[in-house]
Each structure stands twice: as C-alpha cells, then as structure tokens.
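These notebook entries record what I looked up in one structure. Each entry takes up one topic.

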Amino acid sequence: MSITAQNQAQFNPIRRSAMHHKHLLLGALMVERDGWQQPAHFGSAEAEAKHLREALGICDISPRAKFVIKGDQAEQLVSRVFPTALIPDVGEISVEAHAGGIHGANAALCRLAQDEIICVATTGLATWLADGLKDDSGQCVHSLDISSALAGVSIAGPQASHLLAMISELNTSDAAFPNLRCAQSKFADIHGTLLRIDLSNLPNYQLYFGREFGDYMWDALVEAAEVCGGAPVGFEAMDQLQG
Amino acid sequence: MAGDSHNQRLKPQPTELIDRNKSLEFQFDGRRVNAHQGDTVASALHAAGVAILSRGFKYHRPRGFLCGAGRCPNCLVNVDGVPNVRACTQQVRQAMNVRHQNAWPSLNLDFLSVLDRLQWLMPVGFYYKAFHRPKFLWGLAQRVIRRVGGLGSVDIDADPVTTYRHRYHHSDVAVVGGGPAGLAAALGAAEQGVGVTLIDDQPELGGHLLFNSKDFSGLPDLVDGSGPEVASRLIQRVIESANIEVIAGATVFAQYQDNLLTILHGDELVKVRAKSVVLATGTYEVPLQFQNNDLPGIMLTTAAQRLIHLYGVKPGNTVVVATVNDQAYQAALDLLNAGVEVAAVVDVRPTYSHGLEAATTLISRGVPLLTGHAITHATGKKRVRAVVVASVSPRSPDSPARRITCDLVCMAGGFQPANALLQHAGGSLDYDEKSGEGIPHDLPNGVYVAGEVTGVHDLATALLQGRLAGLEAARLVSGPGSNQEEIGRVRQRLNGLETEPGIIPSSPVSAPPVEAPTESRGKKIFVCFCEDVTVKDISQAIEEGFEDIQMLKRYSTATMGPCQGKMCLKALVGLCAQQTGRTIGDTGGTTARPPVQPVPLAALAGPSHMPVKRTPMDQNHRDLGASMVDLGPWQRAHSYGSPQEECLAVRQRVGIIDVTTLGKLEVTGRDAGALLDKVYTHHFSNLRVGRIRYGLLCSDNGTIMDDGTVTKLAEDRYFVTTTTGNVDLIEEWFNWWQAGTGSCAHVTNVTSAYAAVNVAGPRARDTLTKLTDVDLSAQSFRYMRSAQGAVAGVPAILLRIGFVGETGWEIHVPAEYGQHVWETIMEAGREFGIAPFGLEAQRILRLEKMHVIVGQDTDAASNPLDSGMDWVVRFDKEDFIGREGLKLASEQGPRNKLVGFIMQNWHVPEDGVPVVSGGKPIGKVTSARFSPTMNKGFGLAWVPAELAQDGTQISVLVNGVPQPAQVALQPFYDPEGELLRQ
C-alpha cells in the first residue's frame, strides 16, 4: 500500500522534549498541547504556582518556536515580519504581543550580536515564522528554524537569580541583568542562551541550550532548585502567572 | 574527662563566644569530653586538661595548642571520619567522634616517638642521600617512610561525608578580612553607595579586637575603649548597612586574574567576582626559636588570649611570656587577670616602649620583666616544665642563665603579614629589615590594602587606612570624580597621625629571630612545625649550598606543610639572611601560590555531574537492554546483547541504528558551494540538487582532519555530516575559512536539531515503504541520492548512503520526533525480523567494507593518498585547503599504506597491535574484529608501501606471538558494491 500525504496522519506523530523521560520519572501528568507531550503539573498546579510566587519554579519550555536570523540584513528581514516591532540593541529583547495576528501568541526578538537575532515565540507561530522569514531577495541573510535544536527551561520566581548563581558566572542580578535582556554564557558547564522576560513582575529567565544536554541540564537545575527552595512546575502553574 | 578534675574553665568572660547554658558532649579517642555550645574541639580539650593534641610529622614529638586560629599543624585531628581537621577552629557538635592522627597506639604513648632519638639518621634531605646504596634499598626505605610519615588517612571505601556546592557571586567591592581595617574599609565603601561583600575566616567579625582587652582610648573619633568595645561599634554599623553583605567563617584561599576570589564557606565554594578588592587580611603571630620550642604548653600569646577571652579557658597555671614586641605585655596582663601566675616576661629587646602602660601595671603587680633576655631552651617531656633564660648580649657573670619553672610558655615572635592573596593578585613586597615583614608596594589596579598586612600595628592607623582603602575601592566603581574630597581628607589625616595629641605611638616592631645557642647547634629548635625542620637542618642545608631561599625551601621543605609558611616563613628568611650574610631584602621570600589554606579536592570538584549528551532515542535503547558506552561526550548503545547476532540481522534481514550523534551542519547562502570547494578535497559547488558526495577535509599540510557526506538540498543549501566528535572543530574550521572573505555563506550547527537513524539490510526497503510516501525503488531512489518527504508522518530528509554495506537509508527527522520514528520503524520492521544494532556491530560491518573511521584508522600524519582514498582528492580544482601538501605527498609517494588484512588462522588481533617482520614492528593494526560473515579475524593495518599488494603475506602480533595474515585491497564483503546499489 502506498502511503500518501493524507494518510501520514495515521501515524499520529508525537513530539517529546529532551526532558520527557525525566518528567515521567517525577510523576508529571503529561498532556498533549500544541502537538507536544508536555507536563501539565507534577502533582498540584496550585502548589506549583505558590512555589513560583514565593520561591522558584522550573518549567520545560522546549516546545517554544525558535528561529535564528543571521547576516547583515538580519534586522531588515525581522522588520518585514514584525513591521511594528522595535528592533532591540545587542543584548536586549523586545516582545511582540499577539504576533501573527493571533491573540495570546507572543514573540520575543533577542539580539545576540549585530548580525544575529533569535526569535523565540509561542509554539503555534512556528509555521507562520518559517514562511515569513524566508528570504528570496538575494541579500546575504539567513534564517533557520532551530526549534528542534534547543531545549528550554523557564526559571521563574524570586529566587531565580540565586539558582542561576549556582550554575553560571553570569551576573543575573537586577542591576546587571534587568528585564528584557539576553546573553550567552556557560550554564552548568555548557553553552546556553539566557533571556529575561519577567511575568507579572516575577523574575523569569528562559534558558535555551543544546537539546542533547536535556537530561543533564534538567538534573543540574532540579538539584540547584531544591537548594533554593524551588521545584519543577508544569504549564498550568506558568499559565496562572501569565494570567 | 567528663566531670574531671582538670577543669581549666574560667568564670564567664565578657567577650566569650560560648553559651554556658548549652552543654555538649563529644568523644576524643574514645573518652567523653564536655563542652559548651560555641567551643572549638581544641578549647574544650584544653578546658579538660588535655595538653597533647597531635604528634609531629617526622619525629612524632608530642604537640599541643599553638596558634588557636587554624594556621599551624599542631591540632590536626580526624572528625567523624574526615582527616586533617583543625581542632582549634572546628566547632563542637553533639556526639562528634574525634580521633588523633599520626600516632600509635595512642597520643600519650606513641611507639614511633623513638624516631626523635634517631634525628641523626634523618638530617635535612636525607631521602636524597641515604638508603640509595645498594639501589634496592630505596624501594624498601620508601615504603617504610611513606607508612610512618604523613598526616591523616583517608578511608576510600567510605561515602563522602560532604558534598560541596558551587556558587558565583558578584560584588562592586570585596573586602577580605573582618578585623578593624576590614570593617573600616567595608563601611567606607558602603557609604559611597556601592555594594560591598565582607569576607572573614572567623565565625565572628572583629579580628584581634575580640580578644584584645587593651584600652585604645586616644582619639575618640577613631578609637575609644577596649578592643571588644571598638569592634562592637564597628560591627553594629556593618550590620545596619544595607550595602554590606557579610560572609563569615569563610576562607578566601586564592585570588585570580580580574579580581576573582575563591572562597571555601562550609560546604560551599563561592567564586566572587569584584570590581575592586580590599585586602585587610592582617598578620599571623609567629613562634620564637629556642630548643624544644614545640613542647605542649608552649603557645603564641594570641592563642592564650583567645582561650581566655573567647572560650573562658585558663591556658595554664604558671607562665613565662617571651616576646620581641610590646603587644605581649598586654597578653601577660590578661594572663595575670585570668589567675595565671606570670613568672616572668622575657623580652629580647634592651627595653620596651617608654610609657607602656601594661609594663607599668605588671611591675606594680610584682611580675619580673627581664629585658635583654631570651629563652635558650625549654624542658619537659609531654608538657613544658621549665625554661632556661639567659641574657642575649653580651653574656656576663652578672647575668647567669636561670631556670624558671612553668607549665605554660607564651611566645610573641613577631608578625608575618598575611600577604599571600596580594601576591596571587600580582602585588610585590619590600622587606623591612627591622621587622622582617614584607610591606606591600606596586599594587595591581583594583587592589587595595589596609591594616596590619601593610606592616602597621596601631589601631588608629589601621582604621584610617581601612577607610581610605574603602573609599578608593568605591571610587574605582563609581568613577573618578566621586568622593575625592573625603579621600583627600583621610589621606591627609593619615599622613599626620603620629603627631596628633592622644595618639599612641607605634610600638617598636619585632626583631629578627635570635641566633641559635652554640651548645645545642640548632638541634630541636623548630623552625617549621609542619615538616619538623630545625635550625640545625636549615644551617646544614645552607652549608650544603642551598643558599637561595627558593632552593632552601624546596630542599628543607620548610614552609611546605599545612601552614604554608604562616608560622615559619619569617624565621626561615631571617635565618637564611643571617647565615648567608645578606639583608632580609636581598634574601627575599618564597612564592605564595593558591591555595592559601588547604582545600578539599571535593570542594574544588563541586557537584558531581558531568555534562553528558543523549540522543532522543536514549531511553528506547535502555529499554531494549542496550549496554551504553561513552563516545566522547555522548552516551551510545554499544550492543543489545550480541554484536555478532546484530551483524547477521543486518546482513540477512534489516537492522536499525541510532546515528543521531553524527555531526550535522547546514551551510547556506549563495557562496555555500564555494566555501565547501575550498575546505574539501572534492568538488561540491557542481553537485546537483538531491545528490550526495563523500567528503574529506584536510588540514593545511594535507593530513586528514575529518570526513563525512555533503548533500545538496537546494541551490543554496547544503546538509553536511561530520564525525561525532569533530562537529565543533569543523564548524569552527568552516567559519574560520569564511570569515573576512565577504562571501555569503552561513554555517549553522544543527546536530541536535535532528534525530537520525540508519535502516539497512535486504529488507530495509520493505520496512520503510510501509512508512513513507517517497518512492524508494532502486530506479527512483538511487545510491548517493537524497529526498525530502514524510516518514512515519514526520517531515524527513532521506539519504541513500551505506556505511555498513547494505541497501539502506539514513533518515533525519526533527529531534522531537526521534522516539516516535524509532518506535514506528521497529514496529513496521517486526514482520521482517528487524533488530537494533549498536556501535560494535556497526564497526564490524563497516570493517567488512573497508570503510575508514577517521581517528581510528588514521592519525595526525595520515593523508588520503596513503589511506586508499586518493579518489577523493581533486587536483584539478583551483585550490583547496591541503592541496600543496597533498601535491608534495603525491610526488614523494607513500612510505606506508593503509590496507585490509585477513588472518590465516583462528586468531583475532586487537586494535593497535604491531605488524612485525623479523621480530621488529613495521606497521600497526588500526582496527580488527572477528567477522561472522567470513568466520575469520580481519581488519585494517598500516604496512610499508612495498607490502601493500593483494595477497602479500604479513605477520600480526597476537598475544606476543606473530600470526600469519594476508593483505587485501578490496572490501571483504560485496567488493563491487552491488548490494549498496540494489
């Protein structure tokens, strides 16, 4: 029987983050969301929301869409896709709400270098971004979907910078790394990109790193979170924060 | 010891750190000892009348409380299984188990103390000279020496008692030292609005002020009251400051470039990065040199003061205080007030400072002050019983030596500035001849010093220095214009301080060590307590020619023990200067290197996790019972039970292997092809879309760097694979050769973006046809072609290539689908007998095809011409990296060649064994295995070019015996590659 594009759907492909197995071991309730298996909670979304507000929570945000735009014309290409966005300076972030005309969908534009911008967005924007960031102008600009390449963890709560101080030399204090900043550094001895996008005035750091280190980094973060009085949280607790 | 009659506890002292309402009990060598909360092990033992805390490193002489501040080696004990814990700083915990070290069978009766009578057998450097003839003797002697020497032992079978965390901390200003100068510096900086981190190695701030009962009244705006009163006011201000964070009980053990301080704080290693650093690290009081100066009951004056004021313990019953400075007179007064009989104060100087109040008080209370005198020797066996005191210069019948009975000697041998961190930071020292102290000068940018570490010993100066250092450190952070006026004012006052009315003049500083009395010839006059090095040892070493201080240190080992010179550097330098006729300045000092204080290796290692890479299918392999191995940073499946069976599955049915770890790069842009042409030996810009070509990368000299495949996915998009371990190197290589050219080519590492599997075998097509809409027929999807389509419902890149020599496809899918695709292929292949195969099976299969693994079968000298890959090198290209080197190699011809071989008997050689001729190695086996297909051992080997002919007989060493083999130049399996193309 030949397989056609139409009946590929019968295979019901499931997307899993690099930390999927770790969530199962911690007793997470895994549900499908945006085509991914994601942890809704690890026992109690209410308790996890409390952790977030009072201490610290770490949440797997690997499903987020991530694109890198490189080249001298990177800024121009991004402006075409986000015509009303303020293109940030190096080390800064600007956030576009309701990106792609979708209510509740947001995209963060993070300038890592003069000629390199990464766009981190709500999972559902991946296709829209892939189409929008195609460039046929012949200019030297290059965009690539790196959503699969990077795992991500959100580290949120009042103790978030204390956790980061245990795994990185990067100064993440409010004075040195305020809201809407980005940087690349070593975290638990591996290269990572850190974005700070606060939620409801709570410090929130998004850490992205090579997917192949998912197991390792999750273990390092859970260990550090415990020292800071924190715990893994699911998307239900994070959604409560975002209101 | 519990409730014993040796209780030396005093009535409550106003500044004591102990809480007498909280009693604790611990064990010392099996005996119960009472303590109070806040006691250290040493203070509790001293209160219980225990004099001997350890035995010396070499001679096993009894040793007791000496410094009381965690600097000397005398109180090293084992606490709850942890060796080499300093009893004088280890706080007592309920039910602690404390045991002695380095003595057998007990501290009181150590059989190895017989070595003290054999000092003549073990002069300085004896292990370089003795026990070497006959030669075999050293092997025996070394074992004995190692057994009897050393401090502490580690139980390697025990679980680690402490796991250490690491933490980073950033601060505008870091102040090291919580004594008066450090407190003043912290306050001075904090007032300017900068963030300050104040670090001190004691549990309480205040430094020596905590146990200094001297009245410092003089300048009310600077100093007023006793030491503890001054400290209390400063500490209160520090606590109230919102800009000062205190880390107490923490040792800064190193300072590195750009003001990185490393701190051991309990079970945490803290790395502090500061914009500026103030070093107010103070000084160490040092011992005096006289015969038997190491007996229990002989301690530093500050140690006695700590016992009295901080722990409420009487140091002894009758004391002789021996000194080279004024500070000891206050200590003598403290001892007298604590009920200790002061038999005499023995001062090596001709006189003490005029108007010294403590001296006046001592005289009025009948204490003999013997100026111009020194202790020549102490007597006693397990504790000091008496000292002999003599006039120092000149001896006369009117001043005969006299014996003074005592059970306590307090030594004030002067001060050694704690300047190791300053040296780490790159600062330099000038040596003051009078005091023998190293005075800082030429400070690196961003580093400031204050207090006793600069050689000053009066409080007012230390406080002003501290304030000035704090202000200047803050100015570096805030900018040049800030607090300039205040800095000027403080500097002016500091310069004119000595002329102010009410100021206490600086006391005469310490004198160099006393010359050894000729009768003893320096025997048993200890310079280095850690390594049991005597004055005699130093003299002998200098006589033998070790006059340079650095060589003297290394030869004698003085300053190389746990104290790292804190107790002995001053004496060593002084003796070296005296005996070589040089000044202290010309003699110089030794080099201070990290760590300043011993640090457990576990603390440096930190949390025990290593970065490990795992593929998306990692859990699938474990669930299938795979044995996992490390391949560089990756975890990979080595086999699923039987590599031989896995090989047969691939050859006869279908196999699947996880190849996610392959390096993958996307090279895009209009000049991507040109870039690939430059870095590879083959053409790539002329590759048609959908085609694949094998690629070899060479370095400038033509040697092989890496290999892989290049697939053209679109006109300006190439998908490049590399070996697992080299992707980062190759990405860098590509970027290096592209940078600055102005060309439009972008290189992105997408290794982790894709999960990848290789499905290979006669039934591979049947298996995959069930899962994809791509036409996999031999006519439509030929060998070395690619396609993009859905596999198991997932967008995929399919490459028809074959490392293992069977019909097969390498399938790359977005990593998050990896598990799904693996499971779906396994399910689809079940009816065809699909089996997973691991690394080991893959190695056997590729070897049967003579496919080279770069780094395994090649080394840093291998080029493609020697390795049988000359077909990959295109000299007709305009240029490429390595072209000239390869041209030269081509002209010269190979000396050795990489060939296949097959064993002529049942032996299977190991990787790396030599190819031999006439008993001599002439080549090397790079890879060898047993082939289930051929039922023989076989592999690849480097042989001399003249032997690289089909059928040539060679010998391969197997278990030390040459075994026959035959050279093969064609692949062992499917030499024409027909199966690959089916």
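**Entry 1: an aspartate in a loop of chain B**

With which residues is B:Asp532 in contact, leaving aside its neighbours within four places in sequence? I note before answering that the model is predicted. I found B:Asp532 in contact with B:Gly56, B:Phe57, B:Lys58, B:Tyr59, B:His60, B:Arg63, B:Phe526 and B:Asp537. I located B:Asp532 in the loop between strand 27 (526–528) and strand 28 (533–534) of chain B. I then looked up its accessibility: B:Asp532 counts as buried because its relative accessibility is 0%, and the cut-off for buried is under 20%.

I looked next at the side chain of B:Arg63, one of these contacts. A polar contact of 2.8 Å joins it to the side chain of B:Asp532. The charged end of B:Arg63 also sits over the ring of B:Phe526, 5.1 Å from the ring centre. B:Phe526 is itself among the contacts of B:Asp532.

**Entry 2: chain A as a whole**

I counted 7 helices and 14 strands in chain A. Its radius of gyration is 18 Å, close to the 18 Å given by the globule rule for 243 residues, so chain A is as compact as a globular protein of that length. Along the principal axes, the C-alpha atoms of chain A fill a box of roughly 55 × 50 × 35 Å. I noted that 57% of the 243 residues of chain A count as buried. Among contacts in chain A with a separation of 6 or more, 64% are between residues 24 or more positions apart.

**Entry 3: helix 3 of chain A**

Which residues of helix 3 (residues 74–81) of chain A are buried? I listed A:Ala74, A:Leu77, A:Val78 and A:Val81. They lie on the same side of helix 3 of chain A, because they cover an arc of only 95° around the axis. I then recorded what these buried residues pack against: strand 5 (65–71), strand 7 (107–113), strand 8 (116–121), helix 4 (126–132) and strand 9 (141–145) of chain A.

**Entry 4: aromatic rings**

**Entry 5: helix 13 of chain B**

At the start of helix 13, I found a side-chain oxygen of B:Asp548 within 3.0 Å of the backbone nitrogen of B:Gln550. Just after the helix, B:Thr557 takes a positive phi of about 70°.

**Entry 6: backbone exceptions in chain B**

Most residues other than glycine have a negative phi, and most peptide bonds are trans. I therefore looked for exceptions to this rule. Phi of B:Asn102 is positive, near 60°; this residue lies in the loop between strand 7 (97–99) and helix 2 of chain B. B:Asn292 has a positive phi of about 65° and lies in the loop between strand 14 (283–285) and strand 15 (298–300) of chain B.

Among peptide bonds, I recorded that the one from B:Arg133 to B:Pro134 is cis, with omega near -5°. B:Pro134 is in the loop between helix 2 and helix 3 (136–148) of chain B. A cis peptide bond also joins B:Pro594 and B:Pro595, with omega about -5°.

Definitions and conventions. Residues are numbered from 1 along each chain as its sequence is written. Chains are lettered from A and ligands numbered from 1 in the order in which they are written. This is a predicted model: local features need pLDDT of at least 70, side-chain atom pairs count only at pLDDT 80 or more; totals for chains, interfaces and linings use all residues. Side-chain values use heavy atoms; hydrogens and water are left out. Helices (H or I, at least four residues) and strands (E, at least two) are DSSP runs, numbered from the N terminus. Buried means under 20% relative accessible area, exposed over 50%, partly exposed in between (1.4 Å probe, protein chains only). A polar contact is a pair of N or O atoms within 3.5 Å; within protein, one must be able to donate a hydrogen and the other to accept it, and residues adjacent in sequence count only if both atoms are side-chain atoms. Contact means heavy atoms within 4.5 Å. The arc is that of the directions from the helix axis to the C-beta atoms. A charge sits over a ring if NZ of Lys or CZ of Arg is within 6 Å of the ring centre and within 35 degrees of the ring normal. The radius of gyration is taken over C-alpha atoms; the globule rule is 2.2 Å times the number of residues to the power 0.38.
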